[in-house]
Structure formats: C-alpha cells, structure tokens
Amino acid sequence: MEHALTLDGITKRFGDVVAVNDVSLRVPQGCIYGFLGPNGAGKTTTIRIIMSIFYPDAGQISVLGSPNPEAVKDRLGYLPEEKGLYKKMKTGELVAYFGKLKGLPGGVATERAESLLVEFGLGDWIDKKTEALSKGMGQKVQILSTLIHEPELVILDEPFAGLDPVNVQVVRDMILEMKRQGRTVIFSTHVMEQAEQICDYIFLINKGHKVLDGTLAEARASGDKAVVIDYEGDGSILRRLPGVRHVSDAGKTAEIFLAEGTNPQDILAQLVGKLQIRRFDMREPSLHEVFIRAVGGDNDA
Amino acid sequence: MRKIVLVAQREYLANVRTKGFWFGILFFPVLLSAFIVVPMLLERTKGARQYAVVDRSGWLLEAADRAIAGGDMWEALGTSIERYRSEPEEFVQLPMVVQDVTPLLAELEPSQVGVFARAVVAEDWSGEGTGLPPEALRTLADYGPALHEWWSTLPPGIAGDMFSDVSANYYLRVDVADTSQAALNRLVSEGAIFAYFVIGEDPLTGSAGSKYVSNNLTDNDLRRWFGRRASQAVQARRMTLEEIDPQVARWIQEPITWEQLKLSDTGEEQQIEERDTMRQWAPVAFVYLLWISVWAVSQMLMTNTVEEKSNRVIEVLLSSVSSMELLAGKILGIATTGLTLVGSWLLVFFLGTKYIPQMLGAPPSLDLSALASDPILIGSFLAYFILGYLLYAAVLVSIGSVCNTVSDAQNMMPAVMLVLIIPLMAMMPIGQDPNGGLAKILSFIPPFTPFVMMNRAAGPPQLWEYVATTLLLIVSILVAWWAGAKVFRIGILLTGKPPKVREILRWVRAPVGAVPERKES
C-alpha cells in the first residue's frame, strides 16, 4: 500500500452550495501533508469526508487502502477545528475514553492515557477535571486523545490555533515525532509559515476547487522568483521602482517580483541610500505569496 | 454495538455523578416521608389546646362535661374492644376492670357501646329507657360502678397515654380564677389559653349571650367540638322538659345509612375498603411521578446534547463513532440513568411504606404497601416511563441538537410544555372517571397516552385499549425517532443561529443524499 489516502473526483454539495468540487489527491504514507486554504475553502468538509462524518456525493475515496473510511475509523486519529473536552470528566478518564472508543481494551486505554499524560508533563492533572486545564494544556490533552490508539493516519484541523509560541513548539514537536514513528499526518492551517516549516507536501484549496498540490518545492516553483529584502524606512518607494511587477510588502520585509529582463542588481543600486537594507536575497516565492496569488492574487497584481 | 455501550456507559456515569441526579434520587423519599411522617410527628408534637369556659347558665358546662366524658368513655371502651380482638399484648396491660368488661361489650353494636358509656358516666346503673339489650343492662349493673370509679379518678394525662384518641389529648379545659372579660381576653392575647367560651344565661331559649373568643381564625376544631357537645346537652335537656323519650327522639333523627358496595371482576357485590379508595386515586400520584420523571429525564438528554455541542466535543466523538451510534448510546445511557432513578423511587416506596411507620411505632401502612406491589400500577408505571421517555426524548434531542447553548434550548421549551401541561390538567377529571369520554379520547393521542393510560389504571381500561394505544404510541415513537435521527445528524454539526422550524421540517422531508446524509456502502 503506497498511499495513506487517495481522493478521486470527490464532490460534496450542501443544498445549492458546492463545498468540495471534483477534488483529487494522493497522500503518500509517512509524510506530513499541509491542507491550506482560506476560511470556507472546503478544508474541513474534505477532512470530514475522510473521517466518514460526511459521505461524498460523487467520487472515490480510499483511506489506508479501504474504499470505506468507516471500516478503518479506528486506525485514524482526528483533531477537529472545533475542539473541546467534557468539562466534568477527569483528564485521565477522558483520554482513556477516547482510546476505548477507538477500540482499545479498557485496561490498555487507562494505562496508555496515564503514561502519555505523564510523558507530556500533565501527570499532575490525571485526576483533575478537564475544566481546570489551561487552554494550552487542554489542546495538548486533545492531541493526546487523538494519538492514544496509535493511529496510522492523523488528521489535525488547525492544531496551532490559539496557542502561544511555547505550545506551538510543543505541538510542532509532536507532529514531527509522529512522522518519525512512521505515521502519516495531514494538518490544515492558514498560517503559511507553519506549513513551510514542517510540511513535505501541501494541498491548496479555494472555493471548493483544488488550486495546487505537490511537494513544498513544487508549490514554490509554481510562482516567479522574487527578491526578498529586509529593510528600515519608507517602503512605498518599492512600488515606484522601474522594472518591478508586483511588491508584497510586510513593513520590514518585502518580496519584490521583477518584470521580465530586470536585473536584480539594478534594483539594489536604486535602493541604496533611500532605504537601509539589511538583507538582499534572491529566492523562490514564499508559500504566503503563492497562497495570496492563488486565492486573491487577481486583486493584488 | 461496543461503541454504543461505551457511549451509554459514559453518559450514565457522567449523569450519576451530578448533584442533580442525587437530588432526584432523594426527591421521592423526601416527598413520601413528608406524606407519612410529617402528619404523624405533627400529631405528636401538637399539645392539647387549653380553653376556659364561663358558664352563665349554671348547668350547661356540667352537662357538656358529662357529654365529653361520655364520649371519652366510649372512645376508651371502643379502643379496648379493638385491642381485645386484634392486639392481645396491649390488651393485657389495661386495668383489670376494663379487661373484665370488654369481652362482654364486644358483642354490642358500636352505637350501643356509646349508649353504655354515657350511662356509666351518668351513673345510671339501671339503664332504663336506654334501649340496651338485657345482657348489656346486666353488664352495666355489674360493672358500671367500678368502671365509673376507675374513670373518674383517672388523671387526664394517664388516660391520654392509655388511649390516644380521648379528648384530653386534644383539648384541655382550665379553670381560671378571674372570669372577667378583660382577664380572659388578656389570657387569650398572651397565648396562655387558646380560646374561651361564654355560655349565655338561658341556652334553652336561644343563643343570646353565647360566644367563642380566639385569635386563631383558621383552626375551628375546638369551637366545633365543644359546641357540638354543649348543643347535645341542650337538646337532651329540652327533650326532658318536653317529656320526649330520648329513644324516640333518636329514632326520629336516625338517618338511613347506605352500604357502599362495588362489583368484583366476576360481577359479585363486594365491600369497599379504604384500600379501594386509595387504589382509585393512587394512579393520580403515579401520573404525577411519571410526568416529573419523563420530563426530567428526557430533558437530561437534551441538555447533554447541547453541552456536547457547545463543548465542541461532538466532532471528536464523530471521528470515532457514527452519529447514529452516538444517538443510540445517549438514549441508552440516559434511559438507564432514568430507570435507576425511578427504580430507586419504587424501591423506597415499597420498603418505606412497609418499614418506616413501624420504625416510628405506628402500624405498618398495609394499604400503601399493597399499592407499592400492585402489578398493574407498578408495571404501567415502568412501561409508560420507558415509552414516554422514548417519545419525548426524540423531540427534545432534536431540539438539543440544533441549539448551540442551553439557553437557546430553554427558549424552545414553552412549546413542548404547552403540550405536556394537558395531561396534568386532565389528571383529576380522569381520576374521577377513568373510563369516561375524555379519558378515552386523550389516551389515543400519543403524546398523552403514557400519562392518561397511567391515570386510567384505576379503571382499568380494557385490554384492547391497552393494545391499541400502545401500538399507536410505538408507531409514533418510531416516526419520532426516524425524524429525530435525521435532525440529529444534521443538527449536531451545525453552528451559528438555530434553524427555523421550516428548515428543520425540510431536513426531515429531504430524501437521502440531498442533505449531509450517509449512504451505507
């Protein structure tokens, strides 16, 4: 079995709205796959179809080699975007409960829940009710709940939402650890930097249509090369430079896309004295740029 | 199936751990003991009411006292006869003279015992003109003086301990030194006495000058009790003056008493006992309990569903179980919670009516404990609890699934309440006429069937009615769940504003596939 997941022409309608339109995708085993797209693009619907919460109106799906996602439900782990815990349940019992729902025998589930919580520094909370947990701890508990049955395919919907940098790091390490253990991880986000840092592949969806999918390098290569500068000063000057097609300016960093035949050295020469340049770099466009172009690029160009 | 059980198990444990559940468990025992124990304790703690009498006539107080003593004597002899018949251990503790006379009196009619008691108090050893049979007259001559001696020297407190229903336990006349109006009024307002009577100068002619003064306007027992005895004494005096034979007077006033009978299942006439009256009205109490438990338990299901939605835990669950497994698990979990609740109630009812009165030294309440093991009552209660729960749970879980907060759901409750209030309002009329037109019509309206059929258990309805209404109810439950399940699986994933009723109806009508609907592969 080569692919953890294949979608072939998947379509899902809600009344007159087509949430997912003819989407095809192949997710190799043991990789980290990023689902990118703006809000309402169809990410969550696609994920719900994979989790057999929704059934597609058309198309073929194969999850872990089975055409019926329901049959392999126990081998999948899922962290939804809207995540929560039973407030009145004890943390240890809750994690064990989700393990049991995934088919673990009662004793094993309890044991594993406790060792996981201890391993991730939540040992003191095993016998406390989940309502006592902070947001970051709660998120960790939720991720542990999706991992307790050692799933082969893990789907995380917005796992970084609302976390502080320390917890972002913790969750990122957990994702990388899953990959090391040979699991396939699909996660959705709209923060491009996070995707760039850990994804092997990305899948970009907008208004229900697939925009692109492939390795991170392939995705980047789909855009033009750009000059990246770090600078101090008034960035409005960048847009007025001759030979510049488009500027994506973040205030202290800017990506400059050059018109055909423009020499990057000329640009540098023109900027000297007008802005204080701390870095001048020639490279592929960032995922952010690829995303903006694919999703709302027409307005920006 | 394993997952359904897991979900049910969690629901059960989660609910059993709430305080609300334990309040529910305690609710019924508290109610029951309030009905059994409180009146008993009240009776015991209520002291005798003290009263004073100012007698301007010069004779009526003494005559009334004699009437009271006669009544007490009758009560004491009646109690002795009862003990002689059924409580030998208590009987042997009575004084010898009572033990000797009781077997002889046991043959008489209760009213004749009353005549005998009055003759003893009046020291009338011949009993002439009392209409007592010859053997009773002999008993009166033989034992009357000894009885009178014993009774007149017995202090009221001891008499009260010996016989719980003699008047000394309820009302006690006190002698006051200063009988001026002002002094008596002061005693009443200070609470030293409960009330006082003034007997007019000539009660034979009319009521002029007779009055009853008390600050308690609601408890009129004393006025009625003393007033009746005084009136009896006045009537007796008038008869003597007009030379009317008291026996003739009694005969003239004798009303016809109607023997109340019912027909047994085989069409024979039967005596009506207290148990029968209770059995007639017991279903009303059961309807009330049924109503409370069906409502409380199906509401539990609704709140749990809303909470799972507002906790955002629902989607995590749906990644492990299908929405139908989740729904089935929840129904099962809450049903077992509810059965634990009503089961504990029934157990308490059964044990409580059997043992609680005994523990307090009262005779066991046979009639109540017979109710607690009556198969029709208990069987209907359990069956209609399950059926009622299933029907209302389908409606409430649908409401719960489309709401995002508990208060959203509460806002929809009045509509359901409007329907549920009808069986409550019909409770009394149906209790009076369990097989009447209203009862029959309402039992065929499925939302009312559980309550109304429970209400009619006193009838009881005919077998075909049970079969027909139950079939109709089961069909309604299936339809409700068919619709409820459709709403549930769409509703639970819905966020934002709760949908309008019209939209929900569209979900129910929509064919498979047009809404987020799973096709089994």
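These are my notebook entries on what I looked up in this two-chain structure, which is a predicted model.

**Entry: the overall build of chain B**

Next I turned to chain B. I counted 22 helices and six strands there. How far does the C-alpha trace of chain B span along its principal axes? I got about 105 × 60 × 40 Å. The radius of gyration of chain B is 33 Å, while a compact globule of 521 residues would have one near 24 Å. I also looked at burial, and 33% of the 521 residues in chain B are buried. Then I took the contacts in chain B between residues at least 6 apart in sequence, and 72% of them join residues at least 24 apart.

**Entry: where the chains touch**

I went to the contact between the two chains. Chain A brings 25 residues to it and chain B brings 18. On the chain A side, the elements that give two or more residues are β5 (76-79) and α2 (91-101). Which of the elements gives the most to this side? It is α2(A), with four residues. By type, the chain A side divides into 14 nonpolar, three polar and eight charged residues.

**Entry: an enclosed helix in chain A**

Is helix α1 (residues 43-50) of chain A buried or exposed? I found eight of its eight residues buried, so this helix is largely enclosed by the rest of the structure. The buried residues include K43(A) and R48(A), as well as T44(A), T45(A) and T46(A). I47(A), I49(A) and I50(A) are buried too. Just after α1(A), I saw that S52(A) takes a positive phi of about 55°.

**Entry: two helices side by side in chain A**

I then followed helix α4 (residues 135-147) and helix α5 (residues 165-180) of chain A. Their axes are 10 Å apart and they pack at an angle of about 10°. Because of that angle, α4(A) is roughly parallel to α5(A). From α4(A), the residues that meet the partner helix are G136(A), Q139(A), K140(A) and I143(A). From α5(A) I listed N167(A), V170(A), V171(A) and M174(A). The residues of this contact divide into four nonpolar, three polar and one charged. I noticed the spacing of the numbers: an α-helix has 3.6 residues a turn, so residues three or four places apart point the same way.

**Entry: two glutamines in chain B**

Last, I picked out two residues of chain B. Q462(B) is in the loop between α20 (449-455) and α21 (463-491). Q462(B) is exposed, because it has 10 other C-beta atoms within 10 Å, and 12 or fewer counts as exposed. From C-alpha to C-alpha, Q462(B) is 59 Å from G206(B), and the two are 256 residues apart in sequence.

Q271(B) is found in strand β6 (residues 269-271) of chain B. Q271(B) is exposed as well, with 9 other C-beta atoms within 10 Å. How many residues lie between the positions of Q271(B) and Q260(B) in sequence, and what is their distance in space? They are eleven residues apart in sequence and 6.9 Å apart in space, C-alpha to C-alpha.

Notes. Residues are numbered from 1 along each chain as its sequence is written. Chains are lettered from A and ligands numbered from 1 in the order in which they are written. This is a predicted model: local features need pLDDT of at least 70, side-chain atom pairs count only at pLDDT 80 or more; totals for chains, interfaces and linings use all residues. The radius of gyration is taken over C-alpha atoms; the globule rule is 2.2 Å times the number of residues to the power 0.38. A residue is buried if 20 or more other C-beta atoms lie within 10 Å of its own, exposed if 12 or fewer, and partly exposed in between; C-beta atoms are placed from the backbone. Two residues are in contact if their C-beta atoms, placed from the backbone, lie within 7 Å. Axes are lines fitted to C-alpha atoms, for helices over the stretch in contact, and angles run from 0 to 180 degrees between N-to-C directions. Angles under 35 degrees count as roughly parallel, over 145 as roughly antiparallel, 65 to 115 as roughly perpendicular and the rest as oblique. Ala, Val, Leu, Ile, Met, Phe, Trp, Tyr, Cys and Pro count as nonpolar, Asp, Glu, Lys and Arg as charged, and the others, Gly among them, as polar.
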